[in-house]
Amino acid sequence: MDTPLTLLTCLPFLAIALLYACAGQAGASGYIAVMALLGYAPESIKPTALILNTLVSLVVSWRFVKDKHFDWHLFWPFALGALPLALLGGYLTLPQQWFEYLLGVLLLIAGGLSFLRKPAAETQPQAPRRSVACAWGALIGLVSGLTGVGGGVLITPLLLFFNWSGVRTAASVSALFILLNSVVALIGHWSATSFYLPEGIGALAVMAVAGGLLGARLGSRVLAHETIRTLLSVLLILAGIRLVAF
């Protein structure tokens, strides 16, 4: 059964959305960890994470694009590869234990990459070849569809590690990438299985969007680049440890 909706249940979703949005993320990995911890019905976790991800990534995308951090030429090859595979991944359903371990390991890898800085990272960023971006997008799209995350937790560390973009550009590309992948994965999931959502999903959505609006403003205008990078790394590693170890 689902955990009864209380203020204490809602507040973690507000906090997760705020923290993740600072780094251009929508928070799906955090929502999944919290829902697993609070005992939400397993069949409700993936669709709930995708819905919250869609809403939060929408407001985060709007803020970062509005503040002129977005790079279309960097974005579209990743999206082109990702969207068909995100649809396939959304259609498929992993056993719960595989689901949690796969997502946890990926988050730990992504968090570790975010802490690493290659010597060339201080030079002018250079976008990858379109074929490379499309291939990476396809892999991330499949994983995002399978796990219910939008892929931002994977694409942002990738962009920064290989110096394919600056921090705020990576955040803006990630936000729109999450939005499109989440919508497509949600469609795939909806077409494959009965759609089960927890009681009080509306209240959770309101809290998540509120946190996303505030976090996106902080990340786009206030926080320093290194602060955003460190925040992203810590969030990914903590969420990964939670899913793998418990």
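**Helix packing and a buried serine**

In this predicted model, G137, I140, G141, S144 and G145 of α6 meet F177, N181 and A185 of α8.

Reader: How do α6 and α8 pack: roughly parallel, roughly perpendicular or oblique?
Author: Helix α6 spans residues 130-147 and helix α8 spans residues 167-192. Their axes lie 10 Å apart, at an angle of about 55°.

Reader: Is S61 buried or exposed?
Author: S61 sits in helix α3, residues 42-66. Its relative accessibility is 5%. The cut-off for buried is under 20%, so S61 is buried.

Reader: Which backbone nitrogen does the side chain of S61 reach?
Author: Leaving out residues up to four places away in sequence, S61 touches A175, L176 and L179. A polar atom of the S61 side chain also lies 2.6 Å from the backbone oxygen of S57. The nitrogen is reached at 3.2 Å, and it belongs to L176.

Reader: Is C22 buried or exposed?
Author: C134, at 25% relative accessibility, counts as partly exposed. C22 has 3%. That is under the 20% cut-off, so C22 is buried.

Reader: How many disulfides does the count give?
Author: A disulfide needs a pair of cysteine sulfur atoms within 2.5 Å. By that rule the count is zero.

How values were computed:
Residues are numbered from 1 along each chain as its sequence is written. This is a predicted model: local features need pLDDT of at least 70, side-chain atom pairs count only at pLDDT 80 or more; totals for chains, interfaces and linings use all residues. Side-chain values use heavy atoms; hydrogens and water are left out. Buried means under 20% relative accessible area, exposed over 50%, partly exposed in between (1.4 Å probe, protein chains only). Helices (H or I, at least four residues) and strands (E, at least two) are DSSP runs, numbered from the N terminus. A polar contact is a pair of N or O atoms within 3.5 Å; within protein, one must be able to donate a hydrogen and the other to accept it, and residues adjacent in sequence count only if both atoms are side-chain atoms. Contact means heavy atoms within 4.5 Å. Axes are lines fitted to C-alpha atoms, for helices over the stretch in contact, and angles run from 0 to 180 degrees between N-to-C directions.
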